[in-house]
Amino acid sequence: TLFPYTTLFRSIEKDSYKAGKSCAKKAVVDLIETKVAFLFSSEKYNHNMLVEGAKSVLGTAPIIGCTSSGGIIVPDGIIKSKDGFAGMLAIADDETAVGVAISERGKNPRETASKVAKEAMKKVGTDRVPAYVYMIASPIEEEEYIKGIEDVVGRVPIFGGSTADDTRSGKWKIYTADKCSF
């Protein structure tokens, strides 16, 4: 595994707040201090409430996530439900420092990504180049966002991908503990 302490949990709870709380409560059960929680969900939820539910358990731990199309894949299969679904991967590692930032697209995706990369590094309290970057973007201009991140940190491994919705109609969301955005 990438990290010494990771846990995963999912929910098909219909209520957005309860789904976020349930995922977080079960995902962090064996973790001493959550360094970051990745939260993925259906477009059907109220994502502000989903994140509030997760924060009720995680406190100030960074959260980053997005909507997915149709379901999420976990070790024992695909989780999906017509009422909504959510899954969380929580990570704890004494050697990991995490900075999470989010922004609306703005006029120039590359400039937006540079701004977000700088803000994330500021939250960590360092100007050191990160070992890797996790990025979620709308499914249109990912390459421009990557260029903007590279303008700040250089060429480091970047993983993540596009947010999605069930019908490719633009109902996708990206969210952090601080903000829910398109």
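**Entry 1. Contacts.** I began with contacts between residues at least 6 apart in sequence, and found that 77% of these contacts in the protein join residues at least 24 apart. I note here that the model is a predicted one.

**Entry 2. Secondary structure.** I looked up the elements next and recorded 4 helices and 10 strands. Read from the N terminus, their order is β-α-β-α-β-β-β-β-α-β-α-β-β-β. I then checked the radius of gyration, which is 16 Å; the globule rule gives 16 Å for 182 residues, so the protein is as compact as a globular protein of that length.

**Entry 3. Extent and surface.** I took the span of the C-alpha trace along the principal axes of the protein, which is about 40 × 40 × 25 Å. The accessible surface comes to about 10100 Å², and carbon and sulfur atoms account for 52% of that surface. Of the 182 residues, 44% are buried.

**Entry 4. Charges.** I counted 25 positive and 24 negative charges in the protein.

**Entry 5. Arg-168.** I turned last to a single residue. For comparison, most residues other than glycine have a negative phi. I located Arg-168 in the loop between strand S8 (158–162) and strand S9 (174–176). Is Arg-168 buried or exposed? Its relative accessible area is 79%; exposed means over 50%, so Arg-168 is exposed.

Technical notes:
Residues numbered from 1 in each chain as written. Predicted model: local features only at pLDDT ≥ 70, side-chain atom pairs only at ≥ 80, totals over all residues. Heavy atoms only, no water. Helix = DSSP H or I, 4+ residues; strand = E, 2+ residues; numbered from the N terminus. Rg over C-alpha atoms; globule rule 2.2 N^0.38 Å. Buried < 20%, exposed > 50% of the residue type's maximum accessible area, 1.4 Å probe, protein only. Contact = heavy atoms within 4.5 Å. Areas by Shrake-Rupley, 256 points an atom, 1.4 Å probe, with all protein chains shown as cover. Lys, Arg positive; Asp, Glu negative; His and termini not counted. Charge placed at Lys NZ, Arg CZ, Asp CG, Glu CD.
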